[in-house]
Amino acid sequence: MDNFTYCTPTRYLFGKDTENQAGKMTAEMGCKNIMLVYGHGSVVRSGLLDRVKKSLDQANITYTELSGIDPNPTDDRVYEGIEIVRQKNIDGFLAVGGGSVIDTAKAIALGVPYDGDFWDFYSGKANANTATALPVGVVLTIPAAGSEGSGNSVITRKEGLHKISLRTDFTLRPKFAILNPELTFTLPQSQTVAGIADMMAHIMERYFTPTTDVEVTDRISEGILKAIIEEAPKVIARPDDYQARANIMWAGTMAHNGICGCGRVEDWVSHAMEHEISAVYGVTHGAGLAVVFPAWLTFMANHASAKPAQFARRVFGVNNHDDKSAALEGITALRGFFLSLGLPVTFGMLGIETPDIDLLVKKLHENKGEIIGGYYRLTQADTYEIYKMMLNGDI
């Protein structure tokens, strides 16, 4: 196990009707004049936005709205938000929605105090871990990205379609996160299952590590994965199953708040590969990950099979003593699970019949470097091979 520092300053309010405490929590994080950031009509149609506004009014919090945040959020909305915040002397943010909304609020919060271009942090020209940011609170509506408990933010620069994940230890962690499983009852099944794939991928990016003797975090990761696999079918069968929704919602937070990564090198190649797919083709991130991760694992079964074999045995109960064979059985089980939820496992199932693999590889290594990966170091030839495996889902 490696040395590590772990701190999660986010305060979680979990359960029924907790959105009614949004105003109180916003006031407690020291804000009086905030930007209320949200997506499109669902928060309006459900009545959630009205409840949140009522709570803010009761706490004497004034707010300016930034609405219409799209999935795979782009830099133009961040620049727009930064300008409004500076004009109106806004002192904090309340993000009502899923990862795209939260990530946009975080990017604006980081960009406002900074004298330069906020993209400097995403491109690596500036260090976000030593920067300051305005405080962010969250009312979560889509359990998937885990941004409600992480210090991360993913934004796409429209010029050149560069989709970059910014990772911070503490700077961008929300001050509070409100999680009411009832707010997820009416999510379309496609969003629910994409979120499940996303949270599983967040765990697996940490689980697949070259670091040895990390039994505690291995077991935490395996336990959350097994819980997701058990609870997911219940959510599909009964979308209003509160307990199943509650377990899935908390799993999404636990998957990405850092606990699964303590004391170990993390990987993140599968996320980087998917970011290029969703940047170029506009697919849902979680659906893209359901295509990428089995292909990445297939490559690893042939090059570094020990950890994929452990994954197969402990998570899917594979009983095979040969590491490569066990790993391949586990990949088949993972693909089968994704398919059972209605998730894609090939480019074609994503609606991408003729992907430009050369372009994806080129952009991937431009953004991430010549050799990438924490679990196994990958060249451009390697990532090209993995992208090709996504054409047919072959093992």
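Student: Which residue in E3 is the bridge partner of asparagine 33?

Tutor: Threonine 62 is the bridge partner of asparagine 33. Keep in mind that this is a predicted model.

Student: How many bridges join E2 to E3, and which way do they run?

Tutor: Five bridges join strand E2, residues 33–38, to E3. The two strands run parallel.

Student: What's the strand order in the sheet?

Tutor: The order is E1-E8-E5-E4-E2-E3. That is an open sheet of six strands, with parallel pairing.

Student: Which are the edge strands?

Tutor: Strand E1 (11–14) and strand E3 (62–66). Each pairs on one side only.

Student: How many degrees are neighbouring strands turned against each other?

Tutor: On average 20°, with direction ignored.

Student: Which strands does H4 lie across?

Tutor: Helix H4, residues 75–88, lies across E2, E3 and strand E4 (92–97). H4 runs at about 155° to E3.

Student: And H9? Which strands does that helix touch?

Tutor: Helix H9, residues 242–256, packs on the sheet and touches E1, strand E5 (136–140) and strand E8 (176–179). The direction of H9 makes about 170° with that of E1.

Student: New topic: helix pairs. At what angle do H7 and H13 cross?

Tutor: Roughly 155°. The axes of H7 (residues 189–207) and H13 (residues 323–340) come within 11 Å.

Student: Why is H7 called roughly antiparallel to H13?

Tutor: Because their crossing angle of roughly 155° is over 145 degrees, H7 counts as roughly antiparallel to H13.

Student: Which residues make the contact?

Tutor: H7 gives Ile196, Ala197, Met200 and Met204. H13 gives Leu334, Phe337 and Phe338. By class, that contact has seven nonpolar residues, no polar and no charged.

Student: Switching to voids. How many cavities of 30 Å³ or more are there?

Tutor: One. The largest cavity holds about 30 Å³ of space.

Student: What lines the largest cavity?

Tutor: Ile142, Pro143, Leu187, Gln191, Thr192, Arg245 and Ile248. H7 and H9 each supply at least two residues of that lining. The lining divides into four nonpolar, two polar and one charged.

Student: What about the second largest pocket, how much space lies there?

Tutor: About 400 Å³. Its lining has 23 residues, and the closest to the centre are Arg167, Asp169, Arg173, Gly258 and Glu266.

Student: And how does the lining of the second largest pocket split by class?

Tutor: Five nonpolar, eleven polar and seven charged.

Terms used: Residues numbered from 1 in each chain as written. Predicted model: local features only at pLDDT ≥ 70, side-chain atom pairs only at ≥ 80, totals over all residues. Heavy atoms only, no water. 1 Å grid on protein atoms, 1.4 Å probe; cavity = no way out; pocket = protein on both sides within 12 Å on 5 of 7 lines; lining within 4 Å. Points joined across faces, edges and corners; volume = space filled by probe spheres on them. Nonpolar A, V, L, I, M, F, W, Y, C, P; charged D, E, K, R; others polar. Axes fitted to C-alpha atoms, helices over the stretch in contact; angles between N-to-C directions. Helix = DSSP H or I, 4+ residues; strand = E, 2+ residues; numbered from the N terminus. Parallel < 35°, antiparallel > 145°, perpendicular 65-115°, else oblique. Contact = heavy atoms within 4.5 Å. Pairing = 2+ DSSP bridges.
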